[in-house]
Amino acid sequence: MLSQVSVFTENRKGAMLAITEILCREEINILGSVTNDSPEYGIVRMVVSDPQRAVQALAAEGYMCKMTEVLGIEIQDRVGELNRLLKALDESNISVDYLYLSFNRASGSPVMVFHTSDSMEVEDCLQAKGFQVLQLL
């Protein structure tokens, strides 16, 4: 499993820049991210090189942050691979709350990062179906 950092921020010009400036200053690499917004607030979800230090640095600057366990599943870079993963989840009656793309820096392969209600059970299920669950990106 991976640790994801969720940052709650106002939906305003420069909000993402302010977050990346803090991470840059701390030399924390963003390995994958997705943003969700509403008219007033947004959530930036990220897998980073040092999640605990990222939360500490962002919280010190006044951001409300949360760490969440997510799964990173390495897939092949070819047509239909995301469909194959989603089909395996559907066959096991597993719902995905959200997902986003990253890459395994060592292999160069795509990694689907996603959140579900029971990460441990889903991890075991996907491994049994032949998928590689990553611990680090």
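**Strands, helices and loops**

Mentor: Leu-2 sits in strand β1. Helices (H or I, at least four residues) and strands (E, at least two) are DSSP runs, numbered from the N terminus.

Trainee: What kind of model is it, and how are residues numbered?
Mentor: This is a predicted model: local features need pLDDT of at least 70, side-chain atom pairs count only at pLDDT 80 or more, and totals for chains, interfaces and linings use all residues. Residues are numbered from 1 along each chain as its sequence is written, and side-chain values use heavy atoms, with hydrogens and water left out.

Trainee: Back to Leu-2. Buried or exposed?
Mentor: Leu-2 is buried, with a relative accessible area of 5%. Buried means under 20% relative accessible area, exposed over 50%, and partly exposed in between (1.4 Å probe, protein chains only).

Trainee: How far apart are Leu-2 and Leu-71 in space?
Mentor: 5.8 Å, C-alpha to C-alpha. In sequence, Leu-2 and Leu-71 are 69 residues apart.

Trainee: And Lys-66? Where is its place?
Mentor: In strand β4. Lys-66 is partly exposed, with a relative accessible area of 48%.

Trainee: Which residues does Lys-66 touch?
Mentor: Leave out residues up to four places away in sequence, and Lys-66 touches Gln-4, Val-5, Ser-6 and Phe-8. Contact means heavy atoms within 4.5 Å. Lys-66 and Ser-3 are 9.9 Å apart in space, C-alpha to C-alpha, and 63 residues apart in sequence.

Trainee: On to helices. Which residues of α1 are buried?
Mentor: Ala-15, Ile-19, Ile-22 and Leu-23 of α1 are buried. Seen down the axis of α1, those buried residues fall within an arc of 95°, so they line one face of the helix. The arc is that of the directions from the helix axis to the C-beta atoms.

Trainee: What do they pack against?
Mentor: The buried residues of α1 pack against β1 (2-10), β2, β3 (41-48) and α2.

Trainee: Which exposed residues are on the face turned away?
Mentor: On α1, that face carries Leu-17 and Cys-24, both exposed.

Trainee: How do α1 and α2 cross?
Mentor: The axes of α1 (residues 15-25) and α2 (residues 51-60) come within 10 Å and cross at roughly 125°. That makes α1 oblique to α2. Axes are lines fitted to C-alpha atoms, for helices over the stretch in contact, and angles run from 0 to 180 degrees between N-to-C directions. Angles under 35 degrees count as roughly parallel, over 145 as roughly antiparallel, 65 to 115 as roughly perpendicular and the rest as oblique.

Trainee: Which residues make the contact?
Mentor: Ile-19, Ile-22 and Leu-23 come from α1, and Ala-54, Ala-57 and Leu-58 from α2. By class, the contact of α1 with α2 has six nonpolar, no polar and no charged residues. Ala, Val, Leu, Ile, Met, Phe, Trp, Tyr, Cys and Pro count as nonpolar, Asp, Glu, Lys and Arg as charged, and the others, Gly among them, as polar.

Trainee: What's buried in α2?
Mentor: Pro-51, Ala-54, Val-55, Ala-57 and Leu-58 are buried in α2. Their cover includes β1, α1, β3 and β4.

Trainee: And α3, which residues are buried there?
Mentor: In α3 (residues 81-91), Glu-81, Leu-85, Ala-88 and Leu-89 are buried. Seen down the axis of α3, these fall within an arc of 100°, so they line one face of the helix. What covers them includes β4 (64-74), β6 (110-115) and α4 (119-128). The face of α3 turned away from its buried side carries the exposed residues Asp-90 and Glu-91.

Trainee: What comes just after α3?
Mentor: Asn-93, with a positive phi of about 60°, although Asn-93 is not a glycine. Asn-93 is in the loop between α3 and β5. Asn-93 is exposed, with a relative accessible area of 71%.

Trainee: What about just after α1?
Mentor: There Glu-27 takes a positive phi of about 60°. Glu-27 is not a glycine either. Its place is the loop between α1 and β2 (30-37), and Glu-27 is exposed, with a relative accessible area of 69%.

Trainee: Last one: Ser-109. Buried or exposed?
Mentor: Ser-109 is buried, with a relative accessible area of 13%. Ser-109 lies in the loop between β5 (98-103) and β6.
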